[in-house]
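Thanks for coming, everyone. Let me walk you through one structure, starting with its ligand. Please have a look at the screen.

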Amino acid sequence: MLNRRNFLAGAVVVTASGALAACSKKEASGGGGSGSKTITLGFSQVGSESGWRSANTKSVKDAAAAAGITLKFSDAQQKQENQIQAIRDYIAQKVDVISFSPVVTSGWDTVLKEAKDAKIPVILTDRQVDSDASLYVTLVGSDFELEGERMAHQLEKVLAASPVNPVNIAVLEGTTGSAPAIERAKGFKKVMDASHPDWKVVVSQTGDFTRDGGKQVMAAFLQSHPEINVLFAHNDDMGIGAIQSIEAAGKKAGSDIKIVTIDGVHDGFVAMSQGKINAISECNPLLGPQLMETIKTVLNGGTVDKWIKTKESDFLADQAAALLPKREY
Ligand code: AHR
């Protein structure tokens, strides 16, 4: 299986003279360039499962408008079959470029080959696939494995300031089979295995990246594992949902149960400023401008990295109140 690290280690750059981009070289302008043709982008979004996703959708729509790119947008409601259908529709409509945030990593080979046969370049955004890297031009998105590692290092800091013994961790996983769920778990485990034999994951289950999922699953965790004293939620929304169940069970979020989450959306920062989330590792959803820039470069025959990574930061609760007014999403 090809993951981000594998394909990074392999072909690092592609050029517009390469197979995919060359097929679609059309002097694309997207309004801002010197060419004559307006670019049409077919974009398939995962859904609207989280605050992160809403911010990402807004970023893509705003950036397309600002770049003068005609956007055809569809929301797959977290279903792979809807994304595959949307991509097939975009192929039939002969758009200039297709971009999508894949709900899961596997099962894309056939439709990606169809796009390639139609000579339409595909640019992945946010999440990776396990297909052959020759089937898409580039990925604009985060290093999820690194996010998992960063989260474990944030937890080290939280526990250094306020130790618990033993360390009994519950994990709320993202959507099963999705790149962020797979890679964040991998990164977190890597740090645990290397440095923290005393940390124990007592229970781990998906909450599907949703607030309600986090709430329901955490309520069940508290029943079956009252010894939990740390929660690692793969995103803020599940952490926020879990806080509701923790408080309903008469426990104090942030102290009886330390909580660390990934994303850094507005509501996550509010919970962190209230001391209910102890640390957040950022996953930046504002990918729109970089995506539009990449599209123009590719369609105009330029060179792009095979993986265009997002810049991100880490935060502890004592930073939250000061940073909250400055957060962009
Ligand atoms: O792929 C990014 C993840 O998807 C975000 O962490 C999560 O909130 C979203 O639903």
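How far does a polar side-chain atom of Asn 235 lie from an oxygen atom of the ligand? The distance is 2.9 Å. That is a polar contact, meaning a pair of N or O atoms within 3.5 Å. Arg 184 also places a polar side-chain atom 2.9 Å from a ligand oxygen. For Arg 127, the distance to an oxygen atom of the ligand is 2.8 Å. The ligand, taken alone, exposes 280 Å², and the protein buries 100% of that. Those accessible areas come from the Shrake-Rupley method with a 1.4 Å probe.

A word on the source. This is a predicted model, where local features need pLDDT of at least 70, side-chain atom pairs count only at pLDDT 80 or more, and totals for chains, interfaces and linings use all residues. Residues are numbered from 1 along each chain as its sequence is written, and side-chain values use heavy atoms, with hydrogens and water left out.

Now the shell around the ligand. Helices are DSSP runs of H or I, at least four residues, and strands are runs of E, at least two.

Next, the backbone. The peptide bond from Asn 165 to Pro 166 is cis, with omega near -5 degrees. Pro 166 sits in the loop between helix H6 (144–161) and strand E7 (167–173). Lys 119 has a positive phi, near 60 degrees. Its loop runs between helix H5 (109–117) and strand E5 (122–125). Asp 208 also has phi near 60 degrees. Find Asp 208 between strand E8 (199–206) and helix H8 (211–224).

Definitions and conventions. A polar contact is a pair of N or O atoms within 3.5 Å; within protein, one must be able to donate a hydrogen and the other to accept it, and residues adjacent in sequence count only if both atoms are side-chain atoms.
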